[in-house]
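This report describes selected local features of a predicted model.

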Amino acid sequence: MAVAMALGLALLSGGCGGGAEGAAEPGAMAAEAAVDEDRPSPQQADLPSSTAAALAATTDRAPLGVNLEGVSDWARLQPFVDLMKSARPWGTVDAPWDEAASVDALGWPTGDAAVMVNVRTAEPGDEGKPYATIKPGVYRLRFVGRATVDASVSTNVVVRNVTYDPATNRSLGEVVVGANATQLVLAFRGTTNGVRNVSLRMPGYPAAQVFTDQFVQALAPFRVVRFMDFLRTNHNPVRTWRQRTLKASGSQASAKGAAYEYAIEVGNQLGKDIWINIPVHADDAYVRSLAKLLKNQVWPGRVVYVEYSNELWNYQFTQTVDNMNLAVAEAIAGDRTLTKGQACTTELFAANAGECNPYWAGYYRVGKRTVRIAQIFSEVYGPGALNNQVRVVYATQFVNPGIAEQVLKNIATYRGVPSSLIYGVATAPYFYLDETLAASPTATPAQILQSLETSLGTENEAFFAAGVHENGAFVRKPYSGGNYTGASHKALADYYGIKSLAYEGGPDLRQSPANQVAKLAASRDAQMGELVRREVTQWFGCGNDLFMHYSLSSSWDRYGYWGLTNDPTDLAGAKYQAARTVADSAKSAWTTCR
């Protein structure tokens, strides 16, 4: 699922967020670009005591993780103390939301420019919540260059005490946010060749703190963090390692996503294993450099899960079409592993003749590319690391297990023993609100919850067990290697000696503007928490591995009710507490496969 949130499109005609790094000079930025992947890793002795304690925690702890929101100025849970890291890419002074400022290679403006730093919105039911406004106080402004800074079209925001030091070419100032401010926009005028390394730190934090207290607290119970949206995996245009976002870039939320280094810092500083995604167009050199970066910067004891792109079966995403087109081109060029040995031409693919099927070629290419990524990581990490310290995962569609059945067979036929190449097969077991109810203006919270419970019981839970379809019924028995047997992903994982994981999952209330008040009430109901708990414990009870809830936080609105919380100031809600209870438990506590 993981539908890209469209909330920002309605905000001042603006788009997505952006960010900035502190005070590195251009030479330092270039050096970072050159040596990122070669920095030595800190030693175990260097870990903070809280992180060391997390690493020493029992291995029996329930393997429950969460997905993060994408970095944006409107996100409910802001990860960065420096708000510029979640600000939008730079715009013009007269239209800060247009993201059309002239910028350098790192995304910093080369002339006068403005930036949408933070925008707050409230949905029905959000009235009076503290996250509906920007935290008031004095924010510390720092940047390289000289400018006259004003609050542009901000509400109840004042810029004051801006001073410039010509000896260092640096400026300092304060941004005062008053009560009930909902929009923070900064304009930089009268510059000489623009500004760079702009930082705007929240009140009350020490100079070295990267992540907000709310973010740290919300993540605390969970073992693994998936960064698919954080890295802007969907529709990602990056092809080469040089094109990626750096910590020194002018935006952490452009179409290229945030820097991998910040994902690494979340894992290192907060004691989490990390799940990262690789853009669909990333070449082998990109993958190798990423593997080096992760090997050298992820602290000892942490695990890295690696996934190729996101949902390459889902045609609402451009990367799925791109992957299919790449597969067709590779097959026409002579790769018959994508067509079960058949030679194919453009004409045969157009006619969908025999095994010259572009869709299946695309599915097989996901397996091919996943294996190639695993091989590169194995070469970089060295013997014994694959499927231990680094875990490459093949992700596929939950409701269509035939894809995984055929792709795993293709891997076994053409590429090697799957268990020696990949850690597991991952799916997204969502349970759904009936579409008619989702669009109904009169559906009650009780009806919404009953619909979700029905979906969980009939479309999900049974298929968490190992089994196959026989004579129209799902039968709990091992998979034996056949074709189109309807084998569950757990049965396929058992057959190939790999793990069954969930890269996403949870309740899906559909994307509809209808009846938001009832959906909010249902999302806050204790029964919703019970459904979240029930899904995950059935997953573990049937012998599956890591479950990654989608997502930790989000707004609850027409674009979905994904978050375990929509209020980062309140973690006492039913969904969050249900997940926390499971995350704090032992996996061995969940043995019942209903």
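Q450 counts as partly exposed, because its relative accessibility is 43%. The residue belongs to helix α11, which covers residues 445–460. Although Q450 and Q527 are separated by 77 residues in sequence, their C-alpha atoms lie 9.4 Å apart in space.

## Backbone geometry

The peptide bond between Y550 and S551 is cis, with omega at about 0 degrees. S551 is placed in the loop between β19 (547–549) and α15 (574–583).

H235 has a phi of about 65 degrees, and E311 has a phi near 50 degrees. H235 is found in the loop that runs between β9 (224–226) and α4 (260–270), while E311 is in the loop between β11 (304–308) and α6 (318–332).

## Aromatic pairs

A pair of aromatic rings is described by the distance of the centres and the angle of the planes. The count for this model comes to 28 aromatic pairs. One of them is formed by Y315 and Y359: the ring centres are 5.5 Å apart and the planes meet at 70 degrees, so the pair is edge-to-face. An angle over 60 degrees is what places a pair in that class. Y315 sits in the loop between β11 and α6, whereas Y359 is in helix α8 (residues 358–381), so the pair ties together parts that are 44 residues apart in sequence. Both residues are partly exposed: Y315 has a relative accessibility of 33%, and Y359 has a relative accessible area of 44%.

Another pair joins Y430 and Y432. Here the centres lie 6.4 Å apart and the planes are at 50 degrees, so the pair is tilted. Y430 is buried, because its relative accessible area is 2%.

Ring pairs also link several residues into a cluster, made up of F80, F211, F215, F227, F230 and Y262.

## A charge over a ring

Which residue lies over the face of W241? That residue is R244, placed at 3.9 Å from the ring centre of W241.

## Packing of α9 against α12

Helix α9 (residues 401–414) packs with helix α12 (residues 489–496). The axes of the two helices are 10 Å apart, and the angle between them is about 15 degrees. This makes α9 roughly parallel to α12, because an angle under 35 degrees counts as such. The crossing of the two helices is right-handed.

Which residues make the contact? On the side of α9 they are P401, A404, E405, L408, K409 and A412. On the side of α12 they are H489, L492 and Y496.

Key. Residues numbered from 1 in each chain as written. Predicted model: local features only at pLDDT ≥ 70, side-chain atom pairs only at ≥ 80, totals over all residues. Heavy atoms only, no water. Helix = DSSP H or I, 4+ residues; strand = E, 2+ residues; numbered from the N terminus. Phe/Tyr/Trp six-rings, centres within 6.5 Å; stacked < 30°, edge-to-face > 60°. Buried < 20%, exposed > 50% of the residue type's maximum accessible area, 1.4 Å probe, protein only. Lys NZ or Arg CZ within 6 Å of the ring centre and 35° of its normal. Axes fitted to C-alpha atoms, helices over the stretch in contact; angles between N-to-C directions. Parallel < 35°, antiparallel > 145°, perpendicular 65-115°, else oblique. Left-handed = near helix turned anticlockwise from the far one by under 90°. Contact = heavy atoms within 4.5 Å.
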